[in-house]
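Reader: I'd like to go through the salt bridges in this one. Can you put it up?

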Amino acid sequence: MNIMHRNDLKKITILSLSMFAILGLAGCNDSSDSKSKNVKSEQKVETAPLNGKFIPIYEVARTNENRVEENLWRSRKLLEDYTAEMNSFVNIPVDIKVVAKECKEANAFYDSETQTIELCYELGAEERKMFTEAGDSGDILDTELYQSAVGTLFHEAGHALIDVLDLKITGREEDVADQLAAYILTYNDEDKDYLLTVSDTYSLAAKRAKTLDDLPFYDSHSLDAQRAVNFLCYVYGSDTKNFQYLISDDLLNKERSEECEHEYNQIVEAWDFLLAPYFKK
Ligand SMILES: [Zn+2]
């Protein structure tokens with residue numbers, strides 16, 4: 001897959017199909033929110049040279065369950081491809097480490113203190129359970145897990161870029177981070193599959209809630225079912241002809257679908273604008 005900004009006519013073709021999707025499932029409890037957003041960040045962009053890099057790091061998993069996910073991610077070069085894509089796409093002022101690791105919870109994070117994206121093996125293991133229970137197996141299952149992990153990483157990229165580039169956003173950062181993932185993964189048609197997988201992941205996660213009391217209305221993330229619909233809406237909005245089939249009463253209903261093209265165009269225009277000073281030439 002290729003990450004590109006829309007203003008750039010040349011195509012980067014470093015990576016092949018093997019990539020991506022978005023997600024958070026349990027959410028990413030990024031620790032960037034409200035911390036470290038102060039005056040010093042105002043100076044980051046103007047004064048720092050933009051020679052930072054995204055750096056891939058795999059920690060060794062200790063449990064058998066987590067080792068399965070480590071092996072999958074390593075064999076598919078998840079972090080290598082992701083960081084190469086980010087490095088070919090945007091200039092950043094500091095290094096951002098991207099670490100696959102055991103966290104003792106199924107989650108992903110961005111830590112603004114250390115400029116580190118953390119992707120937990122436990123998240124892969126939890127998604128493996130969900131997709132397996134839904135009847136998937138073999139290569140299809142592995143691809144879904146891979147695509148979901150990619151989606152999560154691009155969501156975390158949203159938090160990371162908002163932090164290190166001190167981007168001004170309005171609206172909940174969790175929603176904005178999802179939108180960056182959608183922005184990136186709709187640039188090329190072949191990557192849209194990743195977003196559809198991410199939507200599936202949230203759909204499956206949403207089914208775990210049995211009653212309204214199970215829903216985390218307090219959470220900074222939109223509800224899983226809403227995130228599932230949002231991703232469908234963005235994919236549909238990016239190409240209403242080819243993705244007409246996504247409209248159904250189950251998730252993306254007719255009424256919401258009428259807004260999707262507009263929503264999608266807003267996302268593209270906003271991220272084009274926010275990242276314009278930082279795109280690789
Ligand atoms: Zn997040």
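Reader: How many salt bridges does a search of the whole structure find?
Author: The search finds 11, where a salt bridge is a side-chain nitrogen of Lys or Arg within 4 Å of a carboxyl oxygen of Asp or Glu. This is a predicted model: local features need pLDDT of at least 70, side-chain atom pairs count only at pLDDT 80 or more, and totals for chains, interfaces and linings use all residues. Residues are numbered from 1 along each chain as its sequence is written, and side-chain values use heavy atoms, with hydrogens and water left out.

Reader: Which residue meets glutamate 65 in a salt bridge?
Author: Lysine 129, at 3.7 Å from N to O. Glutamate 65 is in helix H2 (residues 64-75) and lysine 129 in helix H4 (residues 121-133), so the pair ties together parts 64 residues apart in sequence. Helices here are DSSP runs of H or I, at least four residues, numbered from the N terminus.

Reader: What does arginine 128 form with glutamate 69?
Author: A salt bridge, with the closest N and O atoms 2.6 Å apart. Arginine 128 lies in helix H4 and glutamate 69 in helix H2, so this pair ties together parts 59 residues apart in sequence.

Reader: Are arginine 128 and glutamate 69 buried or exposed?
Author: Both are buried, meaning under 20% relative accessible area, with exposed over 50% and partly exposed in between (1.4 Å probe, protein chains only). Glutamate 65, at 45% relative accessibility, counts as partly exposed, and lysine 129 does at 46%.

Reader: Switching topic, what about arginine 227 and aspartate 178?
Author: Their side chains meet in a salt bridge at 2.8 Å, N to O. Both residues are buried.

Reader: Which residues do salt bridges that share partners join into one network?
Author: Glu69, Arg128 and Asp142.

Technical notes
Helix = DSSP H or I, 4+ residues; strand = E, 2+ residues; numbered from the N terminus.
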